[in-house]
Amino acid sequence: MERRLPWQTMLLWVVAVVLINAIWMNVAGQSAPNEINAEGQFQTHREVNISPVFGSSATIPATLESTFSSTSLDQANLSIAVKKDNETVVYSWTGQLTDTVPVWSGELEPGTYTVETIVEEGVLVTQQLELQPFGPIQTAGHVVLTLLLIAVAWGEQGIRALLARWKPVKAETKTTEKTPFKAAKFSQEEDQLAWNENDSPWREPLR
């Protein structure tokens with residue numbers, strides 16, 4: 001196996017750091033939709049529980065989008081309010097059916113919120129609250145992931161050095177080849193004698 005050069009190893013780790021941070025940025029930027037009201041499923045008060053992420057009490061980016069329509073009314077009064085613990089008003093808007101409803105963007109602390117929507121009968125409401133749960137820890141996530149990769153890189157080098165240091169050296173043992181069948185060696189006189197006695201089928205008669 002071809003051994004990598006030091007600059008090649010360093011380049012691979014830099015690419016790994018950039019890649020994992022890009023993936024984390026994409027994950028942290030995604031939002032989780034929460035349906036508040038839909039056509040045919042309308043309630044004036046909707047409760048939303050926002051849980052802390054990994055025990056963090058940091059505020060979570062949120063967006064509330066509302067759409068109002070009617071097939072029987074040309075004009076109607078509309079009202080939206082977001083309250084924490086049903087007391088503190090975080091956001092409110094009041095307008096008419098013909099008005100452009102703004103999209104609210106802000107940050108919500110972990111806790112219980114109530115979305116209060118008041119409309120006249122005959123108005124259809126579609127509302128969605130999008131939360132970005134990993135937004136508060138995005139920066140911390142980049143730092144932690146980068147430090148983990150650096151720790152893995154140094155750990156890998158240390159383990160390799162330790163294994164190379166304590167790797168047992170195998171002594172080379174020389175083995176003598178043994179031939180399973182080996183012809184017996186005879187002296188030249190024995191050879192000749194054996195041949196002279198057996199080289200002819202004719203022998204002198206016994207007297």
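The paragraphs below go through a sheet, a pair of its strands and a surface patch. The model is predicted, so that local features need pLDDT of at least 70 and side-chain atom pairs count only at pLDDT 80 or more, while totals for chains, interfaces and linings use all residues. Residues are numbered from 1 along each chain as its sequence is written, and side-chain values use heavy atoms, with hydrogens and water left out.

Four strands form an open sheet in the order β1-β8-β3-β6, with antiparallel pairing, where strands are DSSP runs of E with at least two residues and two strands pair if DSSP finds at least two bridges between them. At the edges lie β1 (32-37) and β6 (104-108), each of which pairs on one side only.

Within this sheet, strand β3 (residues 60-69) is joined to the antiparallel strand β8 (residues 124-131) by eight bridges, and Ser69 stands opposite Leu124 in β8. Ser66, which also has its place in strand β3, is buried, with a relative accessible area of 8% (buried means under 20%, exposed over 50% and partly exposed in between, with a 1.4 Å probe and protein chains only).

On the surface, Val143, Leu147, Ile150 and Trp154 form a nonpolar patch with about 450 Å² of accessible area together; areas come from the Shrake-Rupley method with a 1.4 Å probe, and for residues only the protein chains shown count as cover. Patch residues have over 30% relative accessible area and no salt bridge, nonpolar side chains (Val, Leu, Ile, Met, Phe, Trp, Tyr) being joined within 5 Å and like charges within 9 Å; a salt bridge is a side-chain nitrogen of Lys or Arg within 4 Å of a carboxyl oxygen of Asp or Glu. Ile150 is partly exposed, with a relative accessible area of 39%.
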